Amino acid sequence: MSEMKKISRFPVPEYDELPEDVKQIWDGAKEHFGFVPNVVKALSHRPAELRAFLSYNAALTEKESGLTPADREMIIVAHSGHNGCAYCVASHGAALRMASGNPTLSDQVAVNYREADITPRQKAMIDFAMKVTDDSRSINEEDFETLRGHGLSDEDIWDVAGLTAFYNMSNRMMSFLAVRPDDEFYKMGR
Amino acid sequence: MKKLISTFFITVLTLTALGTNSFAGGTEAAEKAYAEKTISRFPVPSVEELPEDVKKIFTGAEKRLGFVPNIVTALAHRPQELKAFGAYNQAINGKESGISKAEKEMFLIATSAANGSTYCVVSHGAALRLATGNPFISDQITANYREADITPREKAIIDFAMKVSFDSKSINEEDFKILRKQGLSDEDIWDVAGITALYNLSNRMMNVLKVRPDEEFYKLGR
């Protein structure tokens, strides 16, 4: 049973073994969430990659954008569900419930966003994120026109694409490492 | 600057040659991109506008390759993301590994081709020819790595990178066993997965931005 609850396929370092700056990342996460999420623990096996992962995420999300936090989270939940990334669906599902105040939205979007209670603008954004995920080679001017028709600027469109591309990376790493979703995420915002 | 000037001349020559001809069936935007050989769907900054640290990335690339690759120019529209991509690539690629440079380039080409990323195939195709001294290997892997002149170990590595790209949810202990048998350590396996995951990001960004492959890459190592 304990074997089934492993955090990662790879070794996870103890707090005391961590470089100083990674200790600070753990401390910050614990302050923010009340626990250190398993994605942080699992990637701490490779501190340089953990740092790169977090700075890339910050470059994409800690900026002005026409996308709301709920828009971002539902884009991530939809394509992570499609990619079968249990960790990303559980953690960003929690974030989407918190950002939207809607306790049922994440479960809907994770399975099939086309049936979810979302706006036409949100559906258009997720359609595009799914195309970036599954058929990026076919992206064309028409896709841009569709999103502009829903009020997105070209910079907003880059935001959708950048976030989706980043989480396509993250989905693959989490599945490869078989990172176990933290129990806490399942309960947040219900 | 040399690159900018040559791009300018290519643009002018192309426009002159094309005159007012249009292409049957093409949209206006596609015609324009074809005629102008646009680097990216998005605006690209001129060197003078760049923040100091991004200027350094440009000069570093020019020193190493003899030109600033379009991926750098295109991502410079968002300096934070250019730096983040460079740092991530450095973290996973610029380290000791049991995976050789040629092996890395091989699975990058195979997965990038399967994702339809012209930019990544052309640029890493050049890198693989240079790393191996084999002028044919990149074309073979791009078309179908299963028919390419590669070792069973290289094939196993590419098989795994393809699974990371297309079916990461199904990765299991068996995949690890196959790679261990080919002499990979678990850390080497992480390297393959990590680099593949990052280039799954890169393939998608290059396709969304429609970054034009630099003509220099086509010729390198032939």
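Domain bounds are those of an automatic or database domain assignment. The model is predicted: local features need pLDDT of at least 70, side-chain atom pairs count only at pLDDT 80 or more, and totals for chains, interfaces and linings use all residues. Residues are numbered from 1 along each chain as its sequence is written, and chains are lettered from A and ligands numbered from 1 in the order in which they are written.

**Exercise 1.** Determine how chain A is divided into domains and which elements supply the domain 1 side of the contact.

*Solution.* Step one gives the bounds: domain 1 of chain A covers 12–61, and domain 2 covers 69–187. Their C-alpha centres lie 23 Å apart. Step two counts the residues in contact (C-beta atoms, placed from the backbone, within 7 Å). Domain 1 of chain A contributes 9 residues and domain 2 of chain A contributes 12. At least two residues each come from α2 (38–43) and α3 (47–61) of chain A. The most, 4 residues, come from α3(A). Step four sorts this side by class, where Ala, Val, Leu, Ile, Met, Phe, Trp, Tyr, Cys and Pro are nonpolar, Asp, Glu, Lys and Arg are charged, and the others, Gly among them, are polar. The side of domain 1 of chain A that touches domain 2 of chain A has 6 nonpolar, 3 polar and no charged residues.

**Exercise 2.** Describe the side of chain B that touches chain A.

*Solution.* First, 29 residues of chain B are in contact with 29 residues of chain A. Next, the elements giving two or more residues to the chain B side are α5 (79–93) and α11 (186–209) of chain B. The largest share, 13 residues, belongs to α11(B). Finally, the chain B side comprises 16 nonpolar, 9 polar and 4 charged residues.

Key. Two residues are in contact if their C-beta atoms, placed from the backbone, lie within 7 Å.
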